[in-house]
Amino acid sequence: MHRLFLLSGTVLSGLGVILGAFGAHKLKEMAPDSVPTFQTGVQYQMYHAIALIFVAILFEKYPVKLMSWAGAAFLIGILLFSGSLYVLAALKATGKVGLGGLGILTPIGGLFFIAGWVFFALSILNNK
């Protein structure tokens with residue numbers, strides 16, 4: 001499981017750099033008002049991709065179920081939180097507004113981020 005988290009963390013970090021460059025340059029030209037939303041998605045993707053790398057490294061030392069739950073929660077959080085912000089920014093850039101009912105994905109993704117940090121802490125605290 002730690003290899004999946006390590007690979008996911010490195011790939012998502014690299015993708016975050018690419019998306020950040022896109023947002024700072026091309027998206028800024030196309031739709032400057034959507035850049036802050038997009039940038040928030042990139043920021044949180046990077047934070048949690050790096051957290052995934054930490055989870056992968058620590059999973060070898062603390063191979064407990066809660067550590068794998070932390071990694072899974074971070075992955076789901078990136079998909080829901082950052083992914084929904086990318087879609088929202090794209091819709092804004094094309095002149096469409098809002099995600100409709102899909103807008104709930106952003107806060108649900110945020111809850112997965114929080115859960116990931118809780119699982120991460122508990123996995124370390126509960127390991128003897």
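Start by selecting Leu111, Ile114, Val118, Leu122 and Leu125, which together make a nonpolar surface patch of about 480 Å²; such a patch joins nonpolar side chains (Val, Leu, Ile, Met, Phe, Trp, Tyr) within 5 Å, taken from residues with over 30% relative accessible area and no salt bridge. Accessible areas come from the Shrake-Rupley method with a 1.4 Å probe, and for residues only the protein chains shown count as cover. Val118 is found in helix α4, residues 105-126, where helices are DSSP runs of H or I with at least four residues, numbered from the N terminus. Val118 is partly exposed because its relative accessible area is 43%, the classes being buried under 20%, exposed over 50% and partly exposed in between.

The model is predicted, so local features need pLDDT of at least 70 and side-chain atom pairs count only at pLDDT 80 or more, while totals for chains, interfaces and linings use all residues. Residues are numbered from 1 along each chain as its sequence is written, and side-chain values use heavy atoms, with hydrogens and water left out.

Next, select Lys26 and Glu29, which form a salt bridge with their closest N and O atoms 3.8 Å apart; the rule asks for a side-chain nitrogen of Lys or Arg within 4 Å of a carboxyl oxygen of Asp or Glu, and the count comes to one. Both residues lie in helix α1 (residues 2-30), three residues apart, about one turn of the helix. Lys26 counts as partly exposed at 42% relative accessibility, whereas Glu29 is exposed at 62%.

For the aromatic rings, select Tyr44, Tyr47, Phe81 and Phe113, which form one aromatic cluster; rings of Phe, Tyr and Trp (its six-membered ring) pair if their centres lie within 6.5 Å, and 10 aromatic pairs are counted.

Finally, show the whole chain, whose secondary structure comes to four helices and zero strands, and whose C-alpha trace spans about 55 × 30 × 15 Å along its principal axes. Buried residues make up 39% of the 128 residues.

Key
Patch = residues over 30% accessible without salt bridge, like charges linked within 9 Å, V, L, I, M, F, W, Y side chains within 5 Å. Helix = DSSP H or I, 4+ residues; strand = E, 2+ residues; numbered from the N terminus. Buried < 20%, exposed > 50% of the residue type's maximum accessible area, 1.4 Å probe, protein only. Phe/Tyr/Trp six-rings, centres within 6.5 Å; stacked < 30°, edge-to-face > 60°.
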